[in-house]
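Q: Hi! I'd like to chat through the side-chain contacts in this one. Could you show me what we're working with?

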Amino acid sequence: MDNPMQFHLTNLQDKTLTRMDGCIDGYKNWDCHTKNESLVNLFQPSDIVYLCAESDNELKEFDDTKVYAIGGFVDHNAHKGVAYERAVKAGFQHARLPIDSFFTLSTRKVLTVCHVFEIISNFVATNDWEKAISKTVPARKGLESKAMDADDGDKSCGEIENVSAQQSEPSKMDHDL
């Protein structure tokens, strides 16, 4: 890829920094920007699109002038909607991955930060949301295709064409831990 996404780890301090230093060997060598500052201190709120499963806004494509934040808050069932509430309170735009356009899930649509990043990386490489999602979402989520066979209306999980695309400008990816 000629223009890779730019990955930022922000708010890297205190307990999170201690855990990174103690548990993730070599993270300082990753091809990413590590910052102690918070997301809001590094980027304008109007430039931030916070990715959260509860958003009504479906992400269709990336705007190279925006920063796409993947929240690092662990959004377990006891904390449903917290990431979305944080985005709204901070005045960020927000969006969800287009999982509903292609699939049904037998569980909640909340994914790990790693899965969201991998889906986005796969989309940037292929320009195909359906392929990026199906390649990444773990089986335990019960991913089922909504694709209908044009001939007989049966559900089909047939192969998806491999499409290549280039991103015109680097996008900023942000993971606010």
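Q: Thanks! What do the side chains of E58 and R96 meet in?
A: They meet in a salt bridge, with 3.4 Å from N to O. A salt bridge here is a side-chain nitrogen of Lys or Arg within 4 Å of a carboxyl oxygen of Asp or Glu.

Q: Where do E58 and R96 sit in the chain?
A: The pair links distant parts of the chain, 38 residues apart. E58 is in the loop between strand 3 (48-51) and strand 4 (67-71), while R96 is in the loop between strand 5 (93-95) and helix 4 (99-102). Helices (H or I, at least four residues) and strands (E, at least two) are DSSP runs, numbered from the N terminus.

Q: Before we go on, what kind of model is this, and which pLDDT limits apply?
A: It is a predicted model: local features need pLDDT of at least 70, side-chain atom pairs count only at pLDDT 80 or more, and totals for chains, interfaces and linings use all residues. Residues are numbered from 1 along each chain as its sequence is written, and side-chain values use heavy atoms, with hydrogens and water left out.

Q: Good to know. Is R96 buried or exposed?
A: R96 is buried, because its relative accessible area is 15%, and buried means under 20% (exposed is over 50%, partly exposed in between, with a 1.4 Å probe and protein chains only). E58 has 22%, so E58 counts as partly exposed.

Q: Which residues do salt bridges that share partners join into one network?
A: E58, K60, R96 and D100 are joined into one network. Within it, E58 also forms a salt bridge with K60, at 3.1 Å from N to O. K60 is exposed, because its relative accessibility is 58%.

Q: How many salt bridges does a search of the whole structure find?
A: It finds four. One of them pairs D21 with K28, where the closest N and O atoms are 3.8 Å apart. D21 is partly exposed at 43% relative accessibility, and K28 is exposed at 64%.

Q: Switching topic: which residues touch the most other members in the largest nonpolar core?
A: Of its 22 residues, those are L51, L59, F62, L97, I119, I120 and W129. A nonpolar core means a set of buried Ala, Val, Leu, Ile, Met, Phe, Trp, Tyr and Cys residues joined through side-chain atoms within 4.5 Å.

Q: Which elements each supply at least two residues of this core?
A: Strand 3, strand 4, helix 5 (113-126) and helix 6 (129-136) do. Helix 5 gives the most, with five residues. There is also a second, separate core of ten residues, which includes F43, C52, A83 and F92.

Q: And rings? How many aromatic pairs does the structure hold?
A: Eight. Rings of Phe, Tyr and Trp (its six-membered ring) pair if their centres lie within 6.5 Å; planes under 30 degrees apart count as stacked, over 60 as edge-to-face and the rest as tilted. Y27 and W30 form an edge-to-face pair, 6.2 Å centre to centre with 75° between the planes. Y27 is buried at 5% relative accessible area, whereas W30 is partly exposed at 39%.

Q: What about F62 and F123, what sort of aromatic pair do they form?
A: A tilted one, 5.9 Å centre to centre with 50° between the planes. F62 is in the loop between strand 3 and strand 4 and F123 is in helix 5, 61 residues apart. F62 counts as buried at 16% relative accessibility, and F123 is buried at 6%.

Q: Which residues do ring pairs link into a cluster?
A: F62, Y68, F123 and W129.
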